[in-house]
Amino acid sequence: LELKCFSKEEGALFLMQRAGVKGNDLNQEAINLVQELGALPLALEQAAAYISALPIHIGFKTYLEKYRAVKLSLLKQQPVTALSIEAQYRLSVHTTWLMNFEFVRNKSPAAETMLNIAAFVPEEDNPIDIIYPILSELGQEEEESAHCEFDVASTLKVLCCYCLISVNEETNEFRVHKLVQEVVRDSLNDSTRTETVVAAIRVLHFAFLKNTKPCSMLGKNNLGSLSETKEENKNILVALLLNFRKLKTHIEEEINSSKGTFVDVLYKDDTFNQLSSFVPRLIQGNVFFNRLNAEFTDFQLKVAKMRPEIQDDPNILLRMMVDASVNKRNCPDAASYEEAKNLSQETVKKLYDLEKFGVIIQDDIKYKVLEHRASYYATEGQWKKNYDALLKLESLKLSDSNIVDLQICIGRAENLVSACNFQ
């Protein structure tokens, strides 16, 4: 069955007719359910079959609440009403797609791997470039370009034949319906799910390196900024950034469900560490990605707090806390500002607690923590507090760059204190 979707109005009318709801006026609750199910006809038929088969009538709103609570298991409970012989045979959305998955698994290991990885990326606008590393995930050697493109085309053909993805040849992108993604993720056992998330990390890492210019100062495995990238690669990189954002959500889910043990899996090699470090560097200084950068650095900090080696080096942890606070403050909304301010206060408390226990903190790190906290006084117009806090930092033994930075900050604060006194 092809993954073609109704409009939300068509889907709502379809739902109402199949569930036996009378009237020509569109039911808003039906529209909400259509949007939740992605307007996919087979899924809507499944929902309507469930609603109409119950001895006691329930509304679309009740079904939607139950669906959100139990997700895919609800769609498995009731066979679809016969729209055709094929629809009779394929008893549910879940069974339908699992049958297709089985065909794909037997026909093409590369297609199976790609489909599993595609369940952990955004639903649409995925550049086909992320498919190329899948051959290496299967243990194959890197192929010549023409041969590799042929293999990618073959892989896509298998998945398109079974209507598990759709490809836009004009934009060179592919799309996976969100219900297909949910079914794939739901079908993976714990070990396969872990392997797939790790494979997705390696695939994105390869795709980023393939489409950007390495920074010569940081080494061949570290990206430069987005502004240094060729124009034709920028759109691909933006799509890859959104891929990483989606993957980050799934990594967080894996960490939570494993009670933190998944962090050890992430750091079995250096791929995740490189990816999570140079992606924020790629977009640093680009105001269009301030919120994304804040999300990434906040994610880095959460993961770092679970790593014993980071706990053993509090200087790294303090620096990461400052970076996360700075990037949160760069977001334009008041809530992010408050989160950033609270994190800066938490960082100062962490610094003082560590020193109470005799931990030696580098003066340059101490400066970053305390100068950042003082900067909130300046942002809020409390220039005297800002000035006094900065003067206390002159006793620290700082690097040349931080000495210059501190003197500039003190000079600015002194001028503004004088101006305020004059007024």
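**Exercise 1. Which residue is the bridge partner of Ser-166 in strand 3?**

Solution. The model is a predicted one.
Step 1: Find the strands concerned. Strand 2 covers 166–168, and strand 3 covers residues 173–175.
Step 2: Strand 2 and strand 3 run antiparallel and are joined over three bridges.
Step 3: Read off the partner. Ser-166 is bridged to Arg-175.

**Exercise 2. State the strand order of the open sheet and name its edge strands.**

Solution. 
Step 1: The sheet has three strands, in the order 1-3-2, and their pairing is antiparallel.
Step 2: Strand 1 (126–127) and strand 2 (166–168) are the edge strands, since each pairs on one side only.

**Exercise 3. Decide whether Ile-165 is buried or exposed, and list what surrounds this residue.**

Solution. 
Step 1: Ile-165 sits in the loop that runs between helix 10 (145–161) and strand 2.
Step 2: Its relative accessible area is 5%. The cut-off for buried is under 20%, so Ile-165 is buried.
Step 3: Apart from neighbours within four places in sequence, Ile-165 has contacts that include Met-114, Leu-115, Leu-156 and Phe-174. Arg-175, the bridge partner of Ser-166, is also in contact with Ile-165.
Step 4: His-177 lies 12 residues from Ile-165 in sequence, with 7.1 Å between their C-alpha atoms.

**Exercise 4. Describe the salt bridge between Glu-253 and Arg-193 and the exposure of each residue.**

Solution. 
Step 1: The two side chains meet at 3.9 Å, N to O. A salt bridge requires a distance within 4 Å, so this pair qualifies.
Step 2: The pair links distant parts of the chain: Glu-253 belongs to helix 13 (residues 231–257) and Arg-193 to helix 12 (residues 190–210), 60 residues apart.
Step 3: Glu-253 is partly exposed at 38% relative accessibility, while Arg-193 is buried at 16%.
Step 4: The structure holds 15 salt bridges. Another one joins Arg-307 to Glu-309, with the closest N and O atoms 2.6 Å apart. Arg-307 is buried, at 15%, and Glu-309 is partly exposed, at 40%.

**Exercise 5. Characterise the largest pocket by volume, lining and class of residue.**

Solution. 
Step 1: The volume is about 590 Å³.
Step 2: The lining comprises 25 residues, and Ser-277, Pro-280, Thr-297, Gln-300 and Asp-323 lie nearest the centre of the pocket.
Step 3: Helix 15 (271–283), helix 16 (290–304) and helix 18 (314–329) each contribute at least two lining residues.
Step 4: Sorted by class, the lining has nine nonpolar, 12 polar and four charged residues.

Conventions. Residues numbered from 1 in each chain as written. Predicted model: local features only at pLDDT ≥ 70, side-chain atom pairs only at ≥ 80, totals over all residues. Heavy atoms only, no water. Pairing = 2+ DSSP bridges. Helix = DSSP H or I, 4+ residues; strand = E, 2+ residues; numbered from the N terminus. 1 Å grid on protein atoms, 1.4 Å probe; cavity = no way out; pocket = protein on both sides within 12 Å on 5 of 7 lines; lining within 4 Å. Points joined across faces, edges and corners; volume = space filled by probe spheres on them. Nonpolar A, V, L, I, M, F, W, Y, C, P; charged D, E, K, R; others polar. Buried < 20%, exposed > 50% of the residue type's maximum accessible area, 1.4 Å probe, protein only. Contact = heavy atoms within 4.5 Å.
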